[in-house]
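Trainee: I am new to this structure. Please take one part of it and walk me through it closely, then show me what surrounds it.

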Amino acid sequence: MRVRILLVVTFLLAGVSLQAQRNLLTKVSLTLNKESGVYAKGETVQVYGALTQPFDSVLTMTIYDGGVRHYRAIPDVPEAKTVVLTEQPRVIYEGSFDEAKAIMISVAADKTRSSMVGFIVAPEDFRPGYEMPKDFMTYWKKQKAALRKSKPEVKLTPIPLNSPDDAGYEAFSIEISMPEGNPVRGYLAKPKQAAKRSLPIAMLVHAAGVSGSWCRASLNNALRYAKKGKGVIAIDFNAHGYVEDQPQQYYVDLENGALKNYSTRPLTTRDDFYFRLMYLREVRALDYVCSLPEWDGKRALVYGESQGGGQAEAIAGLDKRITCVVSNVPALTDLGGVRQKRQSGWPPYDREALTPEGEKVLAYFDGAFFLQFSKAKLFMVSGFIDETCHAACVQAAYNVAKSKDKQIHTFPYRWHSGTNKPYDKVWNETIGKARENFINDFLK
(Lines give C-alpha, C1' and ligand atoms only; values in the text may rest on other atoms or scores of the structure.)
Protein backbone atom coordinates (compact mmCIF):
# COMPACT_ATOMS: atom_id res chain seq x y z
CA MET A 1 0.00 0.00 0.00
CA ARG A 2 1.26 3.47 -0.88
CA VAL A 3 -0.45 6.62 0.41
CA ARG A 4 0.56 10.27 0.34
CA ILE A 5 -1.28 13.11 2.08
CA LEU A 6 -0.71 16.44 0.36
CA LEU A 7 -1.31 19.59 2.43
CA VAL A 8 -2.28 22.68 0.47
CA VAL A 9 -1.73 26.20 1.82
CA THR A 10 -3.77 29.26 0.82
CA PHE A 11 -5.23 32.52 2.17
CA LEU A 12 -7.97 32.68 4.83
CA LEU A 13 -10.90 35.10 4.78
CA ALA A 14 -11.46 36.73 8.19
CA GLY A 15 -14.69 37.79 9.83
CA VAL A 16 -16.93 34.87 8.86
CA SER A 17 -19.27 33.57 11.59
CA LEU A 18 -19.28 29.93 12.66
CA GLN A 19 -22.76 29.40 11.15
CA ALA A 20 -21.61 30.95 7.90
CA GLN A 21 -18.57 28.67 7.97
CA ARG A 22 -20.81 25.66 8.31
CA ASN A 23 -22.99 26.84 5.46
CA LEU A 24 -19.92 27.29 3.33
CA LEU A 25 -18.62 23.89 4.35
CA THR A 26 -21.46 22.29 2.46
CA LYS A 27 -19.77 23.76 -0.61
CA VAL A 28 -16.47 21.93 -0.11
CA SER A 29 -15.87 19.89 -3.23
CA LEU A 30 -14.09 16.54 -3.21
CA THR A 31 -13.59 14.72 -6.48
CA LEU A 32 -11.68 11.69 -7.74
CA ASN A 33 -9.34 11.17 -10.67
CA LYS A 34 -11.69 8.36 -11.73
CA GLU A 35 -15.34 9.28 -11.94
CA SER A 36 -16.69 5.85 -11.01
CA GLY A 37 -14.64 5.59 -7.82
CA VAL A 38 -13.82 1.96 -8.69
CA TYR A 39 -10.13 1.10 -8.90
CA ALA A 40 -8.02 -1.94 -9.65
CA LYS A 41 -5.19 -3.14 -7.43
CA GLY A 42 -2.14 -0.98 -7.94
CA GLU A 43 -4.10 1.78 -9.68
CA THR A 44 -3.43 5.29 -8.39
CA VAL A 45 -6.25 6.96 -6.47
CA GLN A 46 -6.24 10.74 -6.29
CA VAL A 47 -8.66 12.91 -4.34
CA TYR A 48 -8.96 16.58 -5.28
CA GLY A 49 -10.21 19.20 -2.85
CA ALA A 50 -11.53 22.67 -3.59
CA LEU A 51 -13.75 25.43 -2.21
CA THR A 52 -16.54 27.12 -4.05
CA GLN A 53 -16.05 30.08 -1.66
CA PRO A 54 -13.19 30.96 0.72
CA PHE A 55 -13.79 31.10 4.48
CA ASP A 56 -11.91 31.50 7.75
CA SER A 57 -11.63 28.08 9.34
CA VAL A 58 -9.15 25.26 9.75
CA LEU A 59 -10.16 22.14 7.85
CA THR A 60 -9.28 18.60 8.82
CA MET A 61 -9.21 15.60 6.55
CA THR A 62 -9.95 12.15 7.96
CA ILE A 63 -9.45 8.84 6.16
CA TYR A 64 -11.84 6.05 7.14
CA ASP A 65 -10.28 2.78 6.07
CA GLY A 66 -12.71 -0.09 6.48
CA GLY A 67 -15.48 1.71 8.33
CA VAL A 68 -16.39 4.55 10.63
CA ARG A 69 -15.56 5.35 14.20
CA HIS A 70 -18.89 4.50 15.82
CA TYR A 71 -18.61 0.87 14.72
CA ARG A 72 -16.05 -0.61 17.05
CA ALA A 73 -13.65 -3.52 16.54
CA ILE A 74 -12.23 -2.14 13.31
CA PRO A 75 -8.76 -0.65 12.83
CA ASP A 76 -8.27 2.72 14.48
CA VAL A 77 -9.03 5.70 12.27
CA PRO A 78 -5.86 7.69 11.53
CA GLU A 79 -5.51 11.08 13.13
CA ALA A 80 -7.13 13.83 11.11
CA LYS A 81 -4.77 15.93 9.00
CA THR A 82 -4.96 19.69 8.70
CA VAL A 83 -5.69 20.79 5.17
CA VAL A 84 -6.41 24.21 3.68
CA LEU A 85 -8.19 24.43 0.35
CA THR A 86 -8.46 27.01 -2.39
CA GLU A 87 -11.02 27.46 -5.10
CA GLN A 88 -8.64 25.68 -7.46
CA PRO A 89 -8.85 21.86 -7.18
CA ARG A 90 -5.63 20.28 -5.95
CA VAL A 91 -4.64 16.77 -4.94
CA ILE A 92 -4.98 16.30 -1.18
CA TYR A 93 -4.75 12.52 -1.10
CA GLU A 94 -2.97 9.98 -3.27
CA GLY A 95 -2.59 6.26 -2.81
CA SER A 96 -2.53 2.84 -4.39
CA PHE A 97 -3.42 -0.51 -2.85
CA ASP A 98 -2.56 -4.15 -3.39
CA GLU A 99 -5.68 -5.50 -1.63
CA ALA A 100 -9.43 -4.91 -1.59
CA LYS A 101 -10.31 -1.65 0.14
CA ALA A 102 -13.37 0.54 0.67
CA ILE A 103 -12.32 3.98 1.89
CA MET A 104 -14.15 7.18 2.78
CA ILE A 105 -12.48 10.58 3.03
CA SER A 106 -14.04 13.48 4.93
CA VAL A 107 -13.04 17.13 5.04
CA ALA A 108 -14.57 18.99 7.98
CA ALA A 109 -14.29 21.93 10.37
CA ASP A 110 -15.33 22.21 14.01
CA LYS A 111 -16.44 18.58 14.06
CA THR A 112 -19.01 19.36 11.37
CA ARG A 113 -18.79 17.04 8.39
CA SER A 114 -18.52 19.17 5.30
CA SER A 115 -17.97 16.88 2.39
CA MET A 116 -17.15 13.23 1.80
CA VAL A 117 -16.09 11.08 -1.07
CA GLY A 118 -15.49 7.35 -1.22
CA PHE A 119 -13.81 4.81 -3.44
CA ILE A 120 -13.41 1.07 -3.66
CA VAL A 121 -10.42 -1.01 -4.75
CA ALA A 122 -10.76 -4.53 -6.19
CA PRO A 123 -14.47 -4.80 -5.34
CA GLU A 124 -14.62 -8.31 -6.81
CA ASP A 125 -12.45 -9.59 -3.95
CA PHE A 126 -14.80 -8.85 -1.05
CA ARG A 127 -16.49 -11.82 0.61
CA PRO A 128 -18.81 -12.10 3.64
CA GLY A 129 -17.06 -12.14 7.00
CA TYR A 130 -19.07 -15.01 8.44
CA GLU A 131 -19.12 -18.59 7.29
CA MET A 132 -22.65 -19.69 6.41
CA PRO A 133 -24.02 -21.99 9.15
CA LYS A 134 -24.29 -25.55 7.87
CA ASP A 135 -27.95 -25.71 8.88
CA PHE A 136 -28.77 -22.21 7.60
CA MET A 137 -31.61 -23.18 5.24
CA THR A 138 -32.67 -26.15 7.35
CA TYR A 139 -33.42 -23.69 10.13
CA TRP A 140 -35.45 -21.44 7.86
CA LYS A 141 -37.38 -24.31 6.29
CA LYS A 142 -38.50 -25.33 9.78
CA GLN A 143 -39.51 -21.73 10.49
CA LYS A 144 -41.62 -21.56 7.34
CA ALA A 145 -43.22 -24.93 8.03
CA ALA A 146 -44.21 -23.84 11.55
CA LEU A 147 -45.65 -20.61 10.17
CA ARG A 148 -47.75 -22.39 7.55
CA LYS A 149 -49.26 -24.80 10.06
CA SER A 150 -51.38 -21.85 11.15
CA LYS A 151 -54.01 -20.89 8.58
CA PRO A 152 -53.92 -17.12 8.04
CA GLU A 153 -56.90 -14.92 8.72
CA VAL A 154 -57.03 -12.11 6.16
CA LYS A 155 -58.93 -8.88 6.73
CA LEU A 156 -59.40 -6.63 3.70
CA THR A 157 -61.00 -3.23 4.25
CA PRO A 158 -61.85 -1.42 0.99
CA ILE A 159 -60.48 2.12 0.69
CA PRO A 160 -62.53 4.60 -1.39
CA LEU A 161 -60.55 5.97 -4.34
CA ASN A 162 -62.02 9.26 -5.49
CA SER A 163 -59.35 10.55 -7.85
CA PRO A 164 -59.99 10.16 -11.60
CA ASP A 165 -56.39 8.91 -11.84
CA ASP A 166 -57.38 5.90 -9.73
CA ALA A 167 -60.29 4.84 -11.91
CA GLY A 168 -60.04 1.16 -12.73
CA TYR A 169 -58.10 0.32 -9.55
CA GLU A 170 -59.05 -0.90 -6.11
CA ALA A 171 -57.23 -0.60 -2.81
CA PHE A 172 -57.55 -2.16 0.62
CA SER A 173 -56.15 -1.92 4.09
CA ILE A 174 -54.85 -5.42 4.72
CA GLU A 175 -54.18 -7.43 7.86
CA ILE A 176 -52.89 -11.02 7.78
CA SER A 177 -52.64 -12.92 11.03
CA MET A 178 -49.43 -14.43 12.34
CA PRO A 179 -49.29 -17.36 14.81
CA GLU A 180 -46.85 -15.31 16.93
CA GLY A 181 -46.07 -11.63 16.96
CA ASN A 182 -47.90 -8.84 15.20
CA PRO A 183 -49.76 -9.48 11.94
CA VAL A 184 -48.83 -8.28 8.47
CA ARG A 185 -50.35 -4.80 8.15
CA GLY A 186 -50.33 -2.44 5.20
CA TYR A 187 -52.05 -1.78 1.90
CA LEU A 188 -52.97 -3.81 -1.16
CA ALA A 189 -53.72 -2.23 -4.55
CA LYS A 190 -54.48 -3.78 -7.94
CA PRO A 191 -56.50 -3.26 -11.12
CA LYS A 192 -60.19 -4.06 -10.93
CA GLN A 193 -61.51 -7.13 -12.70
CA ALA A 194 -58.11 -8.26 -13.96
CA ALA A 195 -58.06 -11.57 -15.81
CA LYS A 196 -56.83 -14.68 -14.05
CA ARG A 197 -53.05 -15.22 -14.18
CA SER A 198 -52.46 -11.84 -15.81
CA LEU A 199 -50.59 -9.71 -13.25
CA PRO A 200 -47.13 -9.62 -11.65
CA ILE A 201 -46.58 -8.96 -7.94
CA ALA A 202 -44.67 -6.09 -6.33
CA MET A 203 -43.85 -6.43 -2.64
CA LEU A 204 -42.68 -3.20 -0.97
CA VAL A 205 -40.77 -3.35 2.33
CA HIS A 206 -39.37 -0.58 4.49
CA ALA A 207 -36.30 0.99 6.04
CA ALA A 208 -35.45 0.85 9.74
CA GLY A 209 -37.19 2.86 12.40
CA VAL A 210 -40.60 3.15 13.98
CA SER A 211 -42.00 6.69 14.00
CA GLY A 212 -40.66 8.03 10.71
CA SER A 213 -42.88 8.26 7.64
CA TRP A 214 -40.40 6.10 5.72
CA CYS A 215 -41.09 3.19 8.11
CA ARG A 216 -44.79 3.01 7.34
CA ALA A 217 -46.70 1.43 4.53
CA SER A 218 -48.05 3.85 1.94
CA LEU A 219 -51.33 3.61 0.07
CA ASN A 220 -49.99 6.01 -2.55
CA ASN A 221 -46.93 3.86 -3.08
CA ALA A 222 -49.02 0.72 -3.45
CA LEU A 223 -51.21 2.50 -6.02
CA ARG A 224 -48.19 3.82 -7.90
CA TYR A 225 -46.88 0.29 -8.34
CA ALA A 226 -50.32 -1.11 -9.15
CA LYS A 227 -50.40 1.22 -12.16
CA LYS A 228 -47.09 0.08 -13.63
CA GLY A 229 -47.05 -1.86 -16.88
CA LYS A 230 -50.40 -3.44 -17.64
CA GLY A 231 -51.24 -3.57 -13.96
CA VAL A 232 -49.63 -5.03 -10.82
CA ILE A 233 -50.72 -6.66 -7.58
CA ALA A 234 -48.92 -4.34 -5.15
CA ILE A 235 -48.62 -4.95 -1.42
CA ASP A 236 -46.88 -2.42 0.85
CA PHE A 237 -46.54 -3.39 4.52
CA ASN A 238 -44.54 -2.20 7.51
CA ALA A 239 -41.80 -4.25 9.14
CA HIS A 240 -43.26 -4.42 12.63
CA GLY A 241 -46.92 -5.28 12.14
CA TYR A 242 -48.15 -2.11 13.86
CA VAL A 243 -51.41 -0.40 12.92
CA GLU A 244 -51.26 1.98 9.98
CA ASP A 245 -52.86 5.42 9.62
CA GLN A 246 -52.66 6.35 13.30
CA PRO A 247 -51.83 9.68 14.99
CA GLN A 248 -48.11 10.39 15.14
CA GLN A 249 -48.04 9.95 18.91
CA TYR A 250 -48.95 6.27 18.47
CA TYR A 251 -45.68 5.67 16.61
CA VAL A 252 -43.64 7.83 18.98
CA ASP A 253 -44.96 5.83 21.92
CA LEU A 254 -44.02 2.57 20.19
CA GLU A 255 -40.55 3.89 19.43
CA ASN A 256 -40.03 4.82 23.07
CA GLY A 257 -41.78 1.75 24.43
CA ALA A 258 -42.50 -1.67 22.93
CA LEU A 259 -40.19 -1.20 19.94
CA LYS A 260 -37.41 0.73 21.65
CA ASN A 261 -33.97 -0.35 20.43
CA TYR A 262 -35.53 -3.28 18.57
CA SER A 263 -32.54 -3.60 16.24
CA THR A 264 -29.86 -3.94 18.92
CA ARG A 265 -31.55 -5.91 21.66
CA PRO A 266 -29.34 -8.50 23.41
CA LEU A 267 -28.65 -11.53 21.24
CA THR A 268 -29.73 -14.73 22.94
CA THR A 269 -31.10 -17.33 20.51
CA ARG A 270 -32.11 -17.40 16.85
CA ASP A 271 -35.77 -17.70 17.76
CA ASP A 272 -35.64 -14.64 20.00
CA PHE A 273 -33.93 -12.37 17.48
CA TYR A 274 -36.31 -9.57 16.48
CA PHE A 275 -35.77 -9.95 12.75
CA ARG A 276 -36.99 -13.55 12.65
CA LEU A 277 -40.63 -12.48 12.74
CA MET A 278 -39.91 -9.59 10.40
CA TYR A 279 -38.71 -12.06 7.78
CA LEU A 280 -41.60 -14.43 8.43
CA ARG A 281 -44.10 -11.61 7.87
CA GLU A 282 -42.68 -11.39 4.38
CA VAL A 283 -43.35 -15.09 3.85
CA ARG A 284 -46.90 -14.63 5.08
CA ALA A 285 -47.51 -11.64 2.81
CA LEU A 286 -46.07 -13.44 -0.21
CA ASP A 287 -48.16 -16.53 0.46
CA TYR A 288 -51.27 -14.37 0.36
CA VAL A 289 -50.58 -12.35 -2.80
CA CYS A 290 -49.46 -15.51 -4.61
CA SER A 291 -52.83 -17.07 -3.76
CA LEU A 292 -54.72 -14.37 -5.65
CA PRO A 293 -56.15 -15.63 -8.95
CA GLU A 294 -54.80 -12.61 -10.84
CA TRP A 295 -51.13 -13.50 -10.20
CA ASP A 296 -49.49 -14.71 -13.39
CA GLY A 297 -47.55 -17.38 -11.50
CA LYS A 298 -44.24 -16.15 -12.89
CA ARG A 299 -43.29 -12.63 -11.83
CA ALA A 300 -42.84 -11.41 -8.25
CA LEU A 301 -40.66 -8.41 -7.41
CA VAL A 302 -39.53 -7.25 -3.98
CA TYR A 303 -38.24 -3.71 -3.44
CA GLY A 304 -36.56 -2.41 -0.29
CA GLU A 305 -34.04 0.12 0.97
CA SER A 306 -31.72 -0.17 3.99
CA GLN A 307 -33.51 -2.53 6.40
CA GLY A 308 -35.93 -3.12 3.54
CA GLY A 309 -32.99 -4.05 1.31
CA GLY A 310 -32.02 -6.72 3.82
CA GLN A 311 -35.62 -7.91 3.94
CA ALA A 312 -35.68 -8.08 0.14
CA GLU A 313 -32.61 -10.32 0.17
CA ALA A 314 -34.13 -12.51 2.87
CA ILE A 315 -37.46 -13.20 1.13
CA ALA A 316 -35.62 -13.88 -2.14
CA GLY A 317 -33.67 -16.65 -0.45
CA LEU A 318 -36.65 -17.90 1.51
CA ASP A 319 -39.01 -18.25 -1.45
CA LYS A 320 -38.22 -19.05 -5.07
CA ARG A 321 -41.43 -17.37 -6.19
CA ILE A 322 -39.53 -14.08 -5.86
CA THR A 323 -38.03 -13.60 -9.31
CA CYS A 324 -36.76 -10.02 -9.07
CA VAL A 325 -34.98 -8.21 -6.22
CA VAL A 326 -34.21 -4.50 -5.87
CA SER A 327 -31.97 -4.03 -2.84
CA ASN A 328 -30.92 -0.43 -2.15
CA VAL A 329 -28.04 0.21 0.29
CA PRO A 330 -29.09 -2.97 2.14
CA ALA A 331 -28.81 -3.44 5.87
CA LEU A 332 -28.68 -6.89 7.48
CA THR A 333 -26.00 -7.73 4.93
CA ASP A 334 -22.50 -9.07 5.61
CA LEU A 335 -23.02 -8.94 9.36
CA GLY A 336 -19.61 -10.49 9.91
CA GLY A 337 -17.48 -7.92 8.10
CA VAL A 338 -15.64 -7.19 11.33
CA ARG A 339 -13.95 -10.57 10.99
CA GLN A 340 -12.14 -9.14 8.00
CA LYS A 341 -11.13 -6.05 10.00
CA ARG A 342 -13.72 -3.79 8.44
CA GLN A 343 -17.17 -2.56 9.26
CA SER A 344 -19.99 -5.08 9.61
CA GLY A 345 -23.44 -4.49 8.20
CA TRP A 346 -26.22 -2.81 10.17
CA PRO A 347 -27.55 -3.32 12.93
CA PRO A 348 -24.76 -1.44 14.73
CA TYR A 349 -23.94 -3.85 17.51
CA ASP A 350 -20.89 -3.12 19.63
CA ARG A 351 -18.90 -5.98 18.16
CA GLU A 352 -16.47 -6.06 21.08
CA ALA A 353 -19.36 -6.77 23.43
CA LEU A 354 -20.88 -9.62 21.42
CA THR A 355 -20.51 -13.15 22.75
CA PRO A 356 -19.61 -16.02 20.40
CA GLU A 357 -23.22 -17.18 20.78
CA GLY A 358 -24.45 -13.76 19.68
CA GLU A 359 -22.23 -13.84 16.63
CA LYS A 360 -23.72 -17.23 15.69
CA VAL A 361 -27.24 -15.80 15.91
CA LEU A 362 -26.43 -12.99 13.48
CA ALA A 363 -25.13 -15.41 10.86
CA TYR A 364 -28.63 -16.88 10.40
CA PHE A 365 -30.01 -13.48 9.37
CA ASP A 366 -27.32 -12.36 6.93
CA GLY A 367 -28.60 -11.19 3.54
CA ALA A 368 -25.36 -12.33 1.94
CA PHE A 369 -26.35 -15.92 2.66
CA PHE A 370 -29.97 -15.58 1.58
CA LEU A 371 -28.78 -14.34 -1.83
CA GLN A 372 -26.95 -17.63 -2.28
CA PHE A 373 -30.33 -19.40 -2.38
CA SER A 374 -31.94 -17.10 -4.95
CA LYS A 375 -31.74 -17.08 -8.74
CA ALA A 376 -33.89 -13.95 -9.03
CA LYS A 377 -32.86 -11.01 -11.17
CA LEU A 378 -30.90 -8.71 -8.87
CA PHE A 379 -30.40 -4.93 -8.83
CA MET A 380 -28.24 -3.64 -5.96
CA VAL A 381 -27.24 -0.11 -5.01
CA SER A 382 -24.25 0.89 -2.90
CA GLY A 383 -22.90 4.25 -1.75
CA PHE A 384 -19.21 4.73 -1.15
CA ILE A 385 -19.80 7.20 1.71
CA ASP A 386 -22.54 5.13 3.34
CA GLU A 387 -21.61 5.04 7.03
CA THR A 388 -24.55 2.77 7.92
CA CYS A 389 -24.48 0.05 5.27
CA HIS A 390 -20.86 0.06 4.22
CA ALA A 391 -19.95 -0.38 0.56
CA ALA A 392 -17.73 -3.37 1.32
CA CYS A 393 -20.66 -5.18 2.96
CA VAL A 394 -22.94 -4.65 -0.02
CA GLN A 395 -20.22 -5.69 -2.44
CA ALA A 396 -19.43 -8.85 -0.46
CA ALA A 397 -23.05 -9.94 -0.70
CA TYR A 398 -23.26 -9.12 -4.38
CA ASN A 399 -20.15 -11.14 -5.13
CA VAL A 400 -21.61 -14.34 -3.68
CA ALA A 401 -25.17 -13.88 -4.98
CA LYS A 402 -26.13 -16.83 -7.19
CA SER A 403 -28.23 -14.85 -9.65
CA LYS A 404 -26.99 -15.09 -13.23
CA ASP A 405 -28.74 -11.81 -14.03
CA LYS A 406 -27.36 -9.34 -11.52
CA GLN A 407 -26.04 -5.79 -11.50
CA ILE A 408 -24.65 -3.45 -8.86
CA HIS A 409 -24.69 0.33 -9.14
CA THR A 410 -22.25 2.32 -7.03
CA PHE A 411 -21.73 6.04 -6.43
CA PRO A 412 -18.79 7.84 -4.77
CA TYR A 413 -21.07 10.56 -3.32
CA ARG A 414 -23.95 8.46 -2.02
CA TRP A 415 -24.35 8.28 1.74
CA HIS A 416 -27.06 6.18 3.33
CA SER A 417 -30.18 8.17 2.59
CA GLY A 418 -29.10 10.53 -0.14
CA THR A 419 -26.21 12.12 -1.99
CA ASN A 420 -23.98 15.11 -1.54
CA LYS A 421 -26.30 17.88 -2.79
CA PRO A 422 -24.30 18.86 -5.89
CA TYR A 423 -24.70 15.27 -7.12
CA ASP A 424 -28.46 14.83 -6.66
CA LYS A 425 -29.11 15.45 -10.34
CA VAL A 426 -26.36 13.08 -11.44
CA TRP A 427 -27.71 10.39 -9.14
CA ASN A 428 -31.27 10.82 -10.35
CA GLU A 429 -30.31 10.78 -14.01
CA THR A 430 -28.02 7.77 -13.75
CA ILE A 431 -28.64 5.25 -10.97
CA GLY A 432 -32.11 6.47 -10.05
CA LYS A 433 -33.21 6.28 -13.67
CA ALA A 434 -31.55 2.90 -14.22
CA ARG A 435 -33.35 1.49 -11.17
CA GLU A 436 -36.73 2.76 -12.31
CA ASN A 437 -36.17 1.40 -15.81
CA PHE A 438 -35.19 -1.97 -14.36
CA ILE A 439 -38.39 -2.14 -12.30
CA ASN A 440 -40.61 -0.95 -15.13
CA ASP A 441 -39.09 -3.42 -17.55
CA PHE A 442 -39.76 -6.31 -15.19
CA LEU A 443 -43.35 -5.24 -14.49
CA LYS A 444 -44.31 -4.24 -18.02
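Mentor: Start with Ser218, which caps the N-terminal end of H3. A side-chain oxygen of Ser218 lies 3.3 Å from the backbone nitrogen of Asn220. Keep in mind that this is a predicted model.

Helix H3 itself covers residues 219-226. Its buried residues are Ala222, Leu223, Tyr225 and Ala226. Seen down the axis of H3, they fall within an arc of 165°, so they line one face of the helix. What do they pack against? The partners are strands S11 (169-176), S12 (184-191), S13, S14 (233-237) and S15, plus helix H10.

Those strands belong to an open sheet of nine. Its order is S10-S11-S12-S14-S13-S15-S16-S17-S18, with mixed pairing. On average, neighbouring strands here are turned by 15° against each other, direction ignored.

S13 spans residues 199-204, and S15 spans residues 295-305. The two run parallel and are joined by five bridges.

Another polar contact, of 2.7 Å, joins the side chains of Asp296 and Arg299. Leaving out residues up to four places away in sequence, Asp296 touches Arg197, Ser198, Leu199 and Pro200.

H10 (residues 424-443) lies across S13, S15, S16 (324-328), S17 and S18. It runs at about 165° to S17. H9 (residues 391-400) lies across S17 (377-383) and S18, at about 160° to S17.

Finish with the nonpolar cores. The largest has 76 residues, and Trp140 and Phe275 touch the most other members. Helix H5 (residues 274-291) gives the most to this core, with 12 residues. A separate core has 51 residues, including Leu32, Val45, Leu85 and Cys324. Back in the largest core, pick out Trp140. Beyond its neighbours within four places in sequence, Trp140 is in contact with Arg276, Tyr279, Leu280, Leu318, Tyr364, Phe365 and Phe370.

How values were computed. Residues are numbered from 1 along each chain as its sequence is written. This is a predicted model: local features need pLDDT of at least 70, side-chain atom pairs count only at pLDDT 80 or more; totals for chains, interfaces and linings use all residues. Side-chain values use heavy atoms; hydrogens and water are left out. A nonpolar core is a set of buried Ala, Val, Leu, Ile, Met, Phe, Trp, Tyr and Cys residues joined through side-chain atoms within 4.5 Å. Buried means under 20% relative accessible area, exposed over 50%, partly exposed in between (1.4 Å probe, protein chains only). Helices (H or I, at least four residues) and strands (E, at least two) are DSSP runs, numbered from the N terminus. Contact means heavy atoms within 4.5 Å. Two strands pair if DSSP finds at least two bridges between them. Axes are lines fitted to C-alpha atoms, for helices over the stretch in contact, and angles run from 0 to 180 degrees between N-to-C directions. The arc is that of the directions from the helix axis to the C-beta atoms. A polar contact is a pair of N or O atoms within 3.5 Å; within protein, one must be able to donate a hydrogen and the other to accept it, and residues adjacent in sequence count only if both atoms are side-chain atoms.
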